[in-house]
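Subject: Structure for you to look at

Hi,

Here is the structure I promised to pass on.

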Amino acid sequence: MSWRKKSLLLSVLCLALLTACDETTPQQEPVKHEVVLTTVKMDEPTTVYKNSETASDNVHIRWAKKTLGVDIRTQWSAPVEDYDMKLRLMLSSDDPLPDVFSSKVMDTTNQFLTSGKVLDAGEAFDQYASPTWKAAMAEVPEAWQPFIENGKRMAIPIITEQASQAVLWIRKDWLDKLGLEAPRNLDELEQIMKAFTYDDPDGNGLKDTYGIDFAIKDQYLASPTGDISWVFGAYGALPEIWGEDGKGQLMYGSIQPEIKKALLRLRSWQSKGYMGNNVALQDFSQVNENVIAGKVGIVAGPRWFADYPVKQLIARDSQAEFIPNPIPTGPDGTAGRLADNSYSAALLISKDISEEALQAFFKYQNYLYEATVTDDPSFLAPIKTGMTMF
């Protein structure tokens, strides 16, 4: 198993607290001295706690305290749709930051990187990270690049395999009701969007559905759900991206003539009512809410789209069904999209963290990474669903 594949088990590291870990997790000798490590957490919609446990009090928190002597204290947790705003408020309030926390939105991350309030995380990583964690990071050295400020690595990327490329998720129950087939190109897709908008696919007699949804508020391309890059890819160029022009020369995607064609297509969809009215103001969490509310029939999203938000939709409407489809081609048969980054978020460390807490954090993280050094899947089974993720 390569370090990259092992790191996939940790790809959501520091983003959420999963259900709970088994008390059979490989144990060290109990420690006598405990170190407090503060954090904040995003409440993932698919997280389920048992026995009245919470993000701040659960079996894994107790395991880390008992076994590693790391007393993880959650100062606050927030739903996905509120987490980024609370991070921004935390920064603007000038209150002390938690010892360790994560950020997924690059604009917010950049504010922290330049705030003077976070530690040179790269230096700490070099000093305290385990060989296994370092080996995993060495496979994707480019993941550090977005978090370098004045030559210093001011955040630790939370790495992930590039295995969540967006596909087009379409309401199959709506296709079946309207007698439609899955689209192969943009023209066929447009006909489906029209039907989803005006032919009452949910059968409630109201004009309360629309064809497709996008999220471009915080990141114009490659939003976790509601990605729009594939529309431009169908015309052979991506905005905001540098690439080669076929002659070995760099070209900036935003000024290519193909971009105008894609924008005209999007404007046409908007004017015809095929897409939501607030696309420019939506982040991915709002798109998820629209899916759960049963308003939209087509969304570009990764493989986990079937878990969230689709499962939440099905809980409201048992007949609802989304199926994945290939990205449709453009007028000349071209299809394309922005590839995933090798990271999913950033780990930030307060510059005011104590040396004791800093070492406790790496002790904890190193333990989770070192636990993957095995080819025995049964060894990983007890721990892979029970990691506390900052």
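Let me start with a pair of helices. Helix 2 (residues 59-68) packs with helix 13 (residues 355-370) at an angle of about 105°, and their axes are 12 Å apart. Axes here are lines fitted to C-alpha atoms, for helices over the stretch in contact, and angles run from 0 to 180 degrees between N-to-C directions. Helices (H or I, at least four residues) and strands (E, at least two) are DSSP runs, numbered from the N terminus. Helix 2 and helix 13 are therefore roughly perpendicular to each other (angles under 35 degrees count as roughly parallel, over 145 as roughly antiparallel, 65 to 115 as roughly perpendicular and the rest as oblique). On the helix 2 side, the contact (heavy atoms within 4.5 Å) is made by His-60, Trp-63, Ala-64 and Leu-68, and on the helix 13 side by Lys-363, Tyr-364 and Tyr-367. Sorted by class, that contact has five nonpolar, one polar and one charged residues. For the classes, Ala, Val, Leu, Ile, Met, Phe, Trp, Tyr, Cys and Pro count as nonpolar, Asp, Glu, Lys and Arg as charged, and the others, Gly among them, as polar.

Before going further, a word on the source: this is a predicted model, where local features need pLDDT of at least 70, side-chain atom pairs count only at pLDDT 80 or more, and totals for chains, interfaces and linings use all residues. Residues are numbered from 1 along each chain as its sequence is written, and side-chain values use heavy atoms, with hydrogens and water left out.

Now the rest of helix 2. Seven of its ten residues are buried, so helix 2 is mostly covered; buried means under 20% relative accessible area, exposed over 50%, and partly exposed in between (1.4 Å probe, protein chains only). The buried residues of helix 2 are Val-59, His-60, Ile-61, Trp-63, Ala-64, Thr-67 and Leu-68. They pack against strand 1 (35-43), strand 2 (70-79) and helix 13.

On to the aromatics. Rings of Phe, Tyr and Trp (its six-membered ring) pair if their centres lie within 6.5 Å; planes under 30 degrees apart count as stacked, over 60 as edge-to-face and the rest as tilted. By this rule the count comes to 17 aromatic pairs. Trp-63 lies in helix 2 and Tyr-367 in helix 13, so the pair ties together parts that are 304 residues apart in sequence. Both Trp-63 and Tyr-367 are buried. In another pair, Phe-361 and Phe-362, the ring centres are 5.0 Å apart and the planes are at 70°, so that pair is edge-to-face. Phe-361 is buried at a relative accessible area of 0%, and Phe-362 is buried at 1%. Phe-361 and Phe-362 also belong to one aromatic cluster with Phe-125, Tyr-128, Trp-133, Trp-144 and Tyr-369.

Strand 7 (residues 167-171) and strand 11 (residues 296-301) run antiparallel and are joined by four bridges; Trp-169 has Val-299 in strand 11 as its bridge partner.

A few backbone details to check. Most residues other than glycine have a negative phi, and most peptide bonds are trans. The peptide bond from Tyr-308 to Pro-309 is cis, with omega near 15°, and Pro-309 is in the loop between strand 11 and helix 12 (310-316). Asn-150 has a positive phi, near 55°; its place is in the loop between strand 4 (148-149) and strand 5 (152-153), and Asn-150 counts as exposed at 73% relative accessibility.

Cheers

Notes
Two strands pair if DSSP finds at least two bridges between them.
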